[in-house]
Amino acid sequence: MTPFSITSRILAAALGGYGLASLAAMALAVILPMARDQAVIIGIMLSLLLYSAAAIWAFCARSSWLAWAGILLPGLLFGALYLWGTAV
C-alpha cells in the first residue's frame, strides 16, 4: 500500500465513519416507529456499531476508492432517509 492509500483509508475510517454514524443516528431517530426518546437512544447505539463496521470496512476494502464508496453510499442512503423522515 502506498502512503496515499493508507492516509485515505485512515480518513475514510475516521471522518467518513463519523459522518456515516451521525447520519445513521439522525435517520433512525426520525424513522423508527416508537417514542422519540427511545428512537434516539436506539439510533445512537446502532450508529456506534455502524462506526466500528465502517472503520473495519475502510481497511478491508481492496482499494481506497472502494473504501470511500462503501462509506459514502450508505451515508447518502441515511441522509435521504433522514430528509424523507423529516418531510413526512
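## Surroundings of S64

S64 touches S5, S8 and R9, residues up to four places away in sequence being left out; contact here means heavy atoms within 4.5 Å. S64 lies in helix α3 and is buried, its relative accessible area being 9%. The term buried denotes under 20% relative accessible area, exposed over 50%, and partly exposed the range in between (1.4 Å probe, protein chains only).

## Basis of the model

The model is predicted: local features need pLDDT of at least 70 and side-chain atom pairs count only at pLDDT 80 or more, whereas totals for chains, interfaces and linings use all residues. Residues are numbered from 1 along each chain as its sequence is written, and side-chain values use heavy atoms, with hydrogens and water left out.

## Overall architecture

The protein has three helices and zero strands, in the order α-α-α from the N terminus. These elements are DSSP runs numbered from the N terminus (helices: H or I, at least four residues; strands: E, at least two). The C-alpha trace spans about 50 × 20 × 15 Å along its principal axes.

Of the 88 residues, 32% count as buried. Among contacts between residues at least 6 apart in sequence, 69% join residues at least 24 apart. The protein exposes about 5600 Å², of which carbon and sulfur atoms supply 79%; accessible areas come from the Shrake-Rupley method with a 1.4 Å probe, and for residues only the protein chains shown count as cover.

## Nonpolar core

The largest nonpolar core consists of eleven residues: A12, A13, L20, A24, A27, A54, A58, A61, A67, I71 and F78. Helices α1 (3-31), α2 (36-60) and α3 (64-87) each supply at least two residues of this core, and α1 provides the largest share, five residues. Such a core is a set of buried Ala, Val, Leu, Ile, Met, Phe, Trp, Tyr and Cys residues joined through side-chain atoms within 4.5 Å.

Apart from neighbours within four places in sequence, A27 is in contact with F78, L81 and Y82.

M1, I6, I10 and F59 form a nonpolar surface patch with about 420 Å² of accessible area together. Patch residues have over 30% relative accessible area and no salt bridge, and nonpolar side chains (Val, Leu, Ile, Met, Phe, Trp, Tyr) are joined within 5 Å, like charges within 9 Å. A salt bridge requires a side-chain nitrogen of Lys or Arg within 4 Å of a carboxyl oxygen of Asp or Glu. F59 belongs to helix α2 and is partly exposed, at 44% relative accessible area.

G19, in helix α1, is partly exposed with a relative accessible area of 27%. The C-alpha atoms of G19 and A53 are separated by 13 Å, the two residues being 34 residues apart along the chain.
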